[in-house]
Amino acid sequence: MASDLKNLSVFSTDELPDVSNHRFGILVSEWNAEVTEALFDGAYKTLLQYGATPENIIRGNVPGSYELSLASLWFAQRDDIDAIIALGCVIQGETKHNDYINHAVAQGLTNVSLKTSKPVIFGVLTPNDQQQALDRSGGKHGNKGDEAAITAIKMLGLQQQVYSKF
């Protein structure tokens, strides 16, 4: 959880794996584009900073966060994609739509990851208001896109460790 004590762009980079040959799919919700484009920018730059190559980063756009699950499945079914980063933003608003959407997306992305045995990273902001979203997409609490990219890299490293021969 982002707070005054935790910045989403501050994380341990000890023992990160070489990801120069890994391919990443980044899915970006078009809803709340000001926020999701900033999340994408953070994820993309972080992947590059830690060894990914531009040609190995594939972007896909979806209309809203709800569609991230199906798009993640499509990307995960590709043999040439190693990890998926799903980026979105569902602001609470006046109705309970956020409860239903956020739960469905979290469950959907988890199911895709378990079904395909590939890292599918939940990079969806669930703020109470627009300012909280901005604070977590490059503002005073860092960028959830940065965190999502590092999570993808670390999960690929763990996958390699688990499946490597001793």
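1. Let's start at N32, which sits in the loop between β1 (24-29) and α1. Helices here are DSSP runs (H or I, at least four residues), strands likewise (E, at least two), numbered from the N terminus. The model is predicted, so local features need pLDDT of at least 70 and side-chain atom pairs pLDDT 80 or more, while totals for chains, interfaces and linings use all residues. Residues are numbered from 1 along each chain as its sequence is written, and side-chain values use heavy atoms, with hydrogens and water left out.

2. What does N32 touch, leaving aside its neighbours within four places in sequence? Its contacts (heavy atoms within 4.5 Å) are C89, V90, I91 and Q130. From N32 to A43 it is 11 residues in sequence and 17 Å in space, C-alpha to C-alpha.

3. Now α1 (residues 33-49) and α5 (residues 144-163): their axes, lines fitted to C-alpha atoms over the stretch in contact, come within 7 Å and cross at roughly 40 degrees. That makes the pair oblique (angles run from 0 to 180 degrees between N-to-C directions; under 35 is roughly parallel, over 145 roughly antiparallel, 65 to 115 roughly perpendicular, the rest oblique). On the α1 side the contact uses L39, G42, A43, T46 and L47, and on the α5 side K144, G145, D146, A149, I150 and I153. Six of these residues are nonpolar, three polar and two charged.

4. For α2 (residues 68-76) and α3 (residues 97-116), the axes come within 8 Å and cross at roughly 15 degrees, so the two are roughly parallel. L68, S69, S72, L73 and A76 of α2 meet A104, V105, G108, L109, V112, K115 and T116 of α3.

Technical notes: Ala, Val, Leu, Ile, Met, Phe, Trp, Tyr, Cys and Pro count as nonpolar, Asp, Glu, Lys and Arg as charged, and the others, Gly among them, as polar.
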